[in-house]
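Q: I have not seen this one before. Can you put it up and walk me through it?

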Amino acid sequence: MTATTAHGRPGTTAAGRLGALARAELTLLVRNRTSLFVTLLMPLLMVGSIGMSVDRVGAEKSGLTVLEAVMTGGLGMVLVIVVYLNLVPAYVARREELVLKRLRTGEATDAEILAGTALPSVALTLAQCLIMVGAAVAFLDLRAPRRPELLVAGLLVGIVLLAALAAVTARVTRTVESAQLTTMPLFLVSAFGSGLFLPVEVFPERVQDVCALLPLTGVVELVRAGWLGGGDAGELVRAAVTALVWTAVSVFAVRRWFRWEPRH
């Protein structure tokens, strides 16, 4: 569908521009075997690692079964890997190849350019999460989501947060290769401090207080409460506020400091 510009020439709609950007990005993703591996297979491998870690520590300390801890942590791992780890090198590559600079000379806004680049990763994330939940309920005898609205809200906030953090990380990443290093701090902090590999409840109380303030902890708590139920209103509000504050700060940082020009 087209619109009309101020000069009477046919233009494009925001939806059309986003769709075109997403299709182009999906084509590049399919052609890149490394990115495709990270997107489709690495989350499954990490879920297996979560299972071994939770089994050693003892999920009973958090009031969860091993399977519940593995699957809810697995959803968080999908968010980190498919959105964050995949988007940082994508943004860096498009910047260094002058793709972002050229796109800014067209009709697309800055937000549309970044969102269009992220859309394939977002779609794959939602598809993988849906498959994981469905498979766990159908084949692993795990309970169906108790509060699906919380589960969906947690996933959506997590996607926006990690996409924004990916753009922030791309700001300080010089090359696609160096993205493996610049993404590692957030990945490790989230994996071990936000309840992905290890439930936060297994840590001492003071450590739990620190972990509660990490970027992804609120998202994981919302996802876990949405799937398994439980959690009092105060804890859920705190988790939501933490996630939303981090999201707002990350979006502000992208709008203020994202780099559109190549670094070389």
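Q: Which exposed residues does the face of α1 turned away from its buried side carry?
A: This is a predicted model. In it, that face of α1 carries Ala15, Arg23 and Arg31, which are exposed.

Q: And which residues in α1 are buried?
A: Arg17, Leu21, Ala22, Glu25 and Leu29 are buried. Seen down the axis of α1, the buried residues fall within an arc of 125 degrees, so they line one face of the helix.

Q: Why would spaced-out residues end up on one face?
A: An α-helix has 3.6 residues a turn, so residues three or four places apart point the same way.

Q: How far apart are the end C-alpha atoms of α1?
A: They are 26 Å apart. Helix α1 has 18 residues, residues 14–31, and at 1.5 Å a residue it should span 26 Å, so the two values agree.

Q: Zooming out, how many helices and strands are there?
A: The protein has twelve helices and two strands. Along the sequence the pattern is β-β-α-α-α-α-α-α-α-α-α-α-α-α.

Q: What share of the residues is buried?
A: Of the 264 residues in the protein, 48% are buried.

Q: What about the surface, which residues form a nonpolar patch there?
A: Phe37, Leu40, Leu41, Leu44 and Leu45 form it, and together they have about 470 Å² of accessible area. The elements giving two or more residues to the patch are α2 (33–40) and α3 (42–57).

Q: Take Leu45, where is that, and is it buried or exposed?
A: Leu45 sits in helix α3. Its relative accessible area is 52%, so it counts as exposed, the cut-off being over 50%.

Q: OK, charges. How many salt bridges are there?
A: The structure holds nine salt bridges. One of them joins the side chains of Glu261 and Lys101, at 3.4 Å from N to O.

Q: Where do Glu261 and Lys101 lie in the chain?
A: Glu261 is in the segment after α12 (233–257), while Lys101 is in helix α5. They are 160 residues apart, and the pair links distant parts of the chain. Glu261 is partly exposed at 39% relative accessibility, and Lys101 is partly exposed at 39%.

Q: Which residue does Arg238 meet in a salt bridge?
A: The side chain of Arg238 meets that of Glu221, at 3.5 Å from N to O. Arg238 lies in helix α12 and Glu221 in helix α11 (residues 217–228), so the pair ties together parts that are 17 residues apart in sequence. Arg238 is partly exposed at 42% relative accessibility, and Glu221 is partly exposed at 25%.

Q: Which residues do salt bridges that share partners join into one network?
A: Arg17, Glu107 and Glu112 are joined into one network. Arg17 has come up already, among the buried residues of α1.

Q: Last thing, the backbone. What is the phi of Leu98?
A: It is about 65 degrees, a positive value although Leu98 is not a glycine. Most residues other than glycine have a negative phi, and most peptide bonds are trans. Leu98 lies in the loop between α4 (66–96) and α5 (99–103), and it is partly exposed at 35% relative accessible area.

Q: What about the phi of Asp141, and where is that residue?
A: The phi of Asp141 is near 60 degrees, again positive in a residue other than glycine. Asp141 lies in the loop between α6 (110–139) and α7 (148–171), and it is exposed, with a relative accessible area of 72%.

Note on methods: Residues are numbered from 1 along each chain as its sequence is written. This is a predicted model: local features need pLDDT of at least 70, side-chain atom pairs count only at pLDDT 80 or more; totals for chains, interfaces and linings use all residues. Side-chain values use heavy atoms; hydrogens and water are left out. Patches are made of residues with over 30% relative accessible area and no salt bridge: like charges are joined within 9 Å, nonpolar side chains (Val, Leu, Ile, Met, Phe, Trp, Tyr) within 5 Å. Accessible areas come from the Shrake-Rupley method with a 1.4 Å probe; for residues, only the protein chains shown count as cover. A salt bridge is a side-chain nitrogen of Lys or Arg within 4 Å of a carboxyl oxygen of Asp or Glu. Helices (H or I, at least four residues) and strands (E, at least two) are DSSP runs, numbered from the N terminus. Buried means under 20% relative accessible area, exposed over 50%, partly exposed in between (1.4 Å probe, protein chains only). The expected span of a helix is 1.5 Å times one less than its number of residues. The arc is that of the directions from the helix axis to the C-beta atoms.
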